[in-house]
Amino acid sequence: MARKKRIGILTGGGDCPGLNPAIRAVAKTAFVRHAAEVIGFKDGFEGLIEYQTRELHPEDVSGILTKGGTILGTSNRANPFAYGEKKRDVSKQALRNFRSLKLDALICIGGDGTLNIAHQLYRLGIPIVGMPKTIDNDLEATDYTIGFDSAVAVATESIDNVHSTAESHHRVMIVEVMGRYTGWLALYAGVAGGGDVILIPEIPFDIKKVCQKLDARGEIGKRFSIVVVAEGVKPGDSQLVVKRRVKGSTDPIRLGGVGYRIAEQIENLSGLETRVIILGHLQRGGKPTDFDRILATQFGRKAVELVTSEKFGYMTSLRGGKITSVPIKGAIARLKKVKLNLPLIEAARAVGTSFGD
Ligand code: F6P
């Protein structure tokens with residue numbers, strides 16, 4: 001009798017809604033279609049390095065479709081190639097642990113940091129399959145990543161909710177969203193929430209143009225405005241606003257707070273009373289949207305298919321509505337930035353949204 005396949009799985013980097021549906025999809029496909037065993041690593045690569053595992057059974061992945069976060073836990077510090085305070089290379093230990101568990105493959109669900117490490121482990125000899133997740137949607141080679149749609153939904157609802165208070169008090173409300181160095185989240189939530197101004201890293205802005213837009217609204221009787229700001233925009237002095245540095249993280253920089261700088265500039269230049277809301281980690285909370293559940297389910301099934309067909313070093317991807325696979329190497333080569341000729345930008349401009357340019 002053929003030996004049962006044993007599939008390892010981990011979630012790395014920042015959590016987001018959609019990870020649990022992804023774990024569920026991998027495990028259920030493995031159990032139902034292939035009678036395979038699924039071994040979860042706790043807290044991302046930390047579990048692989050420290051041999052912290054948890055065998056998943058059908059009951060473990062039942063009832064998690066609607067839950068945010070990850071039942072496996074995650075970490076954005078545990079890099080096997082630079083581990084701990086001393087940044088030791090413990091990748092050989094990770095490889096030994098993988099082999100001693102007699103696993104046939106390791107499915108890594110994560111963003112660019114996790115997939116970068118996954119690719120290096122693949123080159124070391126671990127049969128890796130990737131699944132893209134990040135609320136930033138900044139991974140090349142896939143149209144959407146797991147978690148992005150759910151974060152857009154939270155940010156959109158928040159923008160909806162500040163409208164009434166902005167209107168009552170005749171204020172400018174700045175809503176700062178995450179997204180790191182790209183503006184996908186700000187653009188999508190800004191358009192969906194009807195932001196009057198959307199500021200994203202890909203389009204350098206001039207604060208005078210932003211104020212012109214706000215004043216123009218005042219002239220037609222609109223005494224409030226909503227400005228949606230991506231955390232990665234650079235205000236006048238061309239510096240990213242860094243909130244903290246996280247030692248041991250693949251990218252230690254944590255952004256946050258640029259909304260306050262922009263509010264100050266708006267008040268100084270236009271005299272309009274301005275308030276700031278930084279949505280922060282709320283955007284990574286809550287239930288996964290239907291889109292993320294469906295995407296995660298399809299990616300999960302595809303990831304197991306890549307394992308059984310031994311197509312390692314590949315990542316699941318959504319391209320033009322089709323589920324496919326692409327080399328992980330291509331997905332991590334560079335950040336996927338918002339293209340200036342994106343139809344969504346054109347549409348936003350057409351309905352009068354300003355990008356401050
Ligand atoms: O990459 C996802 C993300 O949520 C970014 O949008 C944000 O800049 C960063 O992670 C926050 O990281 P942390 O959870 O370490 O504060």
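Domain bounds, as I use them here, come from an automatic or database domain assignment.

Entry 1: I worked on a predicted model, in which local features need pLDDT of at least 70, side-chain atom pairs count only at pLDDT 80 or more, and totals for chains, interfaces and linings use all residues. Residues are numbered from 1 along each chain as its sequence is written, and side-chain values use heavy atoms, with hydrogens and water left out. I looked up the domain assignment and found domain 1 (6-146 + 288-331) and domain 2 (152-285). Their centres, taken over C-alpha atoms, are separated by 32 Å. To the contact (heavy atoms within 4.5 Å), domain 1 gives 17 residues and domain 2 gives 17 residues.

**Entry 2: polar contacts.** I then checked pairs of N or O atoms within 3.5 Å. A polar side-chain atom of Asp 136 lies 2.6 Å from a ligand oxygen atom. For Asn 76, a polar side-chain atom is 3.2 Å from an oxygen atom of the ligand. Gly 179 places a backbone N or O atom 3.1 Å from a ligand oxygen atom. Taken alone, the ligand exposes 400 Å² (Shrake-Rupley method, 1.4 Å probe), and the protein buries 84% of that.

How values were computed: A polar contact is a pair of N or O atoms within 3.5 Å; within protein, one must be able to donate a hydrogen and the other to accept it, and residues adjacent in sequence count only if both atoms are side-chain atoms.
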